[in-house]
Amino acid sequence: MRETIPRVVIVGGGFGGLAAAKALKNAPVKVILIDRTNHHLFQPLLYQVATSVLTPGHIGSPIRGIVGKQQNTTVILGEVNGVDKDKKLVWVTDADRNCVPVAYDFLILATGVTHSYFGHNEFAEFAPGLKSLADAVAIRNKILQAFEQAEAEEDPTRHRDLLTFVLVGAGPTGVEMASAIALLVHNTLKSEFRRINPESARIILLDMAPRVLGSFSEGLSSAAKERLEKLGVEVRLGHGADRIDADGVVVAGERIFSKTVVWTAGVAPSPAGKWLNAATDRAGRVRVQPDLTVPDHPEIFVLGDTASLDQDGKPLPGVAQVAMQQGRYAGKLIRRRIVGQSPPAPFRYFDKGNMAVVGKGFAVLQSGKVRISGFLAWLAWAAVHLQFLAQSSLRVTVFVQWVWTYLTGQRGSRLIVNHHGTEPPKPTNEKASAAPSVLTTVSK
Ligand SMILES: Cc1cc2nc3c(=O)[nH]c(=O)nc-3n(C[C@H](O)[C@H](O)[C@H](O)COP(=O)(O)OP(=O)(O)OC[C@H]3O[C@@H](n4cnc5c(N)ncnc54)[C@H](O)[C@@H]3O)c2cc1C
C-alpha cells in the first residue's frame, strides 16, 4: 500500500539538492535524497585539491553525515537514469540493482553539470576537466608526477614538455588553478629538487575570449591578468585550443608542447532535460517556470546548474548561490503546498556578488557597484568560502590549513595516489628507457 505522507524525491546532493532537503526538515513529508556519490562536494575549492593545498576530505562531506539527524530524510547512494513522469517514478541504479523504480509525489532534479569540450570530445583523453574529487586527485597526480618525471629524466630537452602546464579556459577555475600552480612552483617545490629547477616551469592560461574572468568588470579582469603575469603565468587570449593531443596543445597554428593540459572551459548540463523530455535552452538546461517547476508538471522542480531561468532578461548564472537559493525556494514551496498555505512569490535570485582568488593574498570581488581587488577582497573570499563549507569541522580544518599554507608555503597533501593499482609507470618510449642513466652515473 502507498504511504499517505507525501514523498519528495531529490536527485543530487549538491548545493541545490542539499538546500532543498534542509528546507524540508520540518515539513510533513518523507524525503528521499539520491546521489551517485556519497558526498556533498564544495566545488569552488576543487582547484585547491588539484594543486595540493587541501585534501579531498577538506571539501567533501558525507551526505549522510550532513542530513543524518534529519529524521524525515533517507539517503540513497545510486545513479538516476531516467524519469517516468506519468507513473511518477525515477529509475535508480545502485551497487547491485539496475533501474529500480522509486516513486515520488514531488520530484526535485538538481543534478548539476558535466564537462563540455564544445564538440571536441577527443580532447577529453588529454585534457581532463575538474568537476569531481576523483578529477581533482587525478590532476594533482598529473601535476606532481610531471615534476618527478622531469627530475628523473635523462634528456633535458624533455624537461620543457614535462614542466609546461596549460590551462584551457580563463574563467574563475582556470585563473585560480594557474595562480595556484604558480605558488606551488615558487613557494613549495622550489628548493626540493636537485636536477631540475621547478621555478623554470611554464604555466600557460589560454582562452579564446579577449580577457580573463569574462563575467567580471573590465577593471577587475585586468587586475587579475596583471596579477597572474606577476606570478609568472603566460596569459594568451583571443585564441582557443585548435587541437589537444598527447604532445600538448595547438593554438593559432602554434604547437605548445606539454604533458599536463587541464580543461577549465565549458560545462554541459546533466541529461535531466532528456529524462523529462522537456524544453531546454541552447546549452541543454531545462527551461523552468518562475516557480522552478517544469511546464504542465507542478510536481517536478529543476534547480541549479541543470535549470535555465531568465531574470531581468538575462539567464541566471551557474553558480552555487543560485542553486542554494533555488533549493530553499523549492523546499519552501512544497511545504506550503502540502500544509495548504498560499505559494511564495515567484523565485528571485539575490546576487551577493562574485569572487575569484588570484594567488596568495589577492582576490577580485564584484558585488553590485562594489569592485575590489587585493588583500581585502581575498579576506572576504576566504571568509565566504569558509562560511559555506558544509560542516563546522571542515571550517576549522580548512582555516588551519590555509593559515599554515599562507605562513609556510607547505601544502595539505602532495601525495601521488594511484587508486588503480601499484604498477610503476611504464617507460613512454624505447629510446628514453634504453639511454644510460645519469642517476646511476651520479650514484657511483
Ligand atoms: C571547479 C569549479 C569551481 C567552481 N567555483 C565556483 C565558485 O567559486 N563560486 C560559485 O558560486 N560557484 C562555483 N562553481 C559552480 C558551482 O559549484 C555550481 O554552480 C553548483 O555546484 C551547482 O549546484 P547544483 O546543485 O546545481 O549541482 P552540483 O552541486 O554539481 O550537484 C549535483 C549533484 O548531483 C549528483 N548527480 C548528478 N547526476 C546524478 C545522477 N544521474 N544520479 C544521482 N546523482 C547525480 C552529483 O553527484 C552531485 O552531487 C564551481 C564549479 C566548479 C566545477
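Which residues lie nearest the centre of the largest cavity? In this predicted model, Q48, L183, G359, K360 and T405 hold that position among the 20 residues that line the largest cavity.

The structure contains 2 cavities of 30 Å³ or more. A search of this kind rests on a simple idea: rolling a probe the size of a water molecule over the atoms shows where empty space is left. For the largest cavity, the volume is about 300 Å³. Four helices, α2 (46-50), α7 (172-188), α11 (375-388) and α12 (392-408), each contribute at least two residues to the lining of the largest cavity. The largest share is that of α7, with 6 residues. Sorted by class, the lining of the largest cavity consists of 9 nonpolar, 8 polar and 3 charged residues.

The second largest cavity has a volume of about 50 Å³. Its lining is made up of R285, G304, D305, A307, S308, L309, L316, P317, G318, V322 and Q326. Two or more of these lining residues are given by each of β22 (307-308) and α10 (320-338). By class, 5 residues of the lining of the second largest cavity are nonpolar, 4 are polar and 2 are charged.

A polar backbone atom of A320 is 2.9 Å from an oxygen atom of the ligand, and for a polar backbone atom of V319 the corresponding distance to a ligand oxygen is 3.4 Å. On its own the ligand has 1000 Å² of accessible area, and the protein covers 88% of this area.

As for the fold as a whole, the protein chain has 14 helices and 27 strands. The radius of gyration of the chain is 23 Å, close to the 22 Å given by the globule rule for 444 residues, so the chain is as compact as a globular protein of that length. Along the principal axes, the C-alpha atoms of the chain fill a box of roughly 80 × 55 × 45 Å.

Methods
Residues are numbered from 1 along each chain as its sequence is written. This is a predicted model: local features need pLDDT of at least 70, side-chain atom pairs count only at pLDDT 80 or more; totals for chains, interfaces and linings use all residues. Side-chain values use heavy atoms; hydrogens and water are left out. On a 1 Å grid over the protein atoms alone, a cavity is a set of points where a 1.4 Å probe fits but cannot get out, and a pocket is an open set with protein on both sides within 12 Å along at least five of seven lines; lining residues have an atom within 4 Å of a point. Grid points are joined across faces, edges and corners, and a volume is the space filled by probe spheres set on the points. Ala, Val, Leu, Ile, Met, Phe, Trp, Tyr, Cys and Pro count as nonpolar, Asp, Glu, Lys and Arg as charged, and the others, Gly among them, as polar. A polar contact is a pair of N or O atoms within 3.5 Å; within protein, one must be able to donate a hydrogen and the other to accept it, and residues adjacent in sequence count only if both atoms are side-chain atoms. Accessible areas come from the Shrake-Rupley method with a 1.4 Å probe; for residues, only the protein chains shown count as cover. The radius of gyration is taken over C-alpha atoms; the globule rule is 2.2 Å times the number of residues to the power 0.38.
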